[in-house]
Amino acid sequence: MKKIEAIIKPFKLEDVKDALSSLELTGMTVSEVRGYGRQQGHSELYRGAEYVVDFLPKIKIELVVKDEIVDEVIKVISENAKTGKIGDGKIFVYDIEKSIRIRTGETDNEAL
């Protein structure tokens, strides 16, 4: 099992969610987060005053999937989150040692 964590632009969430719905996913967690990468934020003008926005709004998607579909999930997220502009985001993949469904006690792939 792998945990896939994707940081994407907020307006791309629906595109990614709709595309992922065609795969064998049993759930996903979505969080509103703030951060920056290489772009280091940007300056904005508000009522004539310039100010720096250090942390940009992003969406973090977290999924735990079977090893067999990891590459397909990564491909779907990449294709649907891409705008071709700076700040499109990143995808991280982690190993999951164990998962347990609290209600039933099922473990590992059965718990997904």
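Reader: What pattern does the protein chain follow, read along the sequence?

Author: Helices (H or I, at least four residues) and strands (E, at least two) are DSSP runs, numbered from the N terminus. Here the protein chain follows β-α-β-β-β-β-α-β, with 2 helices and 6 strands. This is a predicted model, in which local features need pLDDT of at least 70, side-chain atom pairs count only at pLDDT 80 or more, and totals for chains, interfaces and linings use all residues. Residues are numbered from 1 along each chain as its sequence is written, and side-chain values use heavy atoms, with hydrogens and water left out.

Reader: Which residues of helix α1 are buried?

Author: Buried means under 20% relative accessible area, exposed over 50%, and partly exposed in between (1.4 Å probe, protein chains only). In α1, residues 13-20, the buried ones are Leu13, Val16, Ala19 and Leu20. Seen down the axis of α1, they fall within an arc of 140°, so they line one face of the helix; the arc is that of the directions from the helix axis to the C-beta atoms.

Reader: What covers the buried residues of α1?

Author: Contact means heavy atoms within 4.5 Å. The cover includes β1 (2-8), β2 (29-35), β5 (56-65) and α2 (70-81).

Reader: With which residues is Val73 in contact, leaving aside its neighbours within four places in sequence?

Author: Val73, found in helix α2, is in contact with Ile4, Leu20, Leu23, Leu25, Leu63 and Val65. Val73 is buried, with a relative accessible area of 0%. Val73 and Leu20 are 53 residues apart in sequence and 7.1 Å apart in space, C-alpha to C-alpha.
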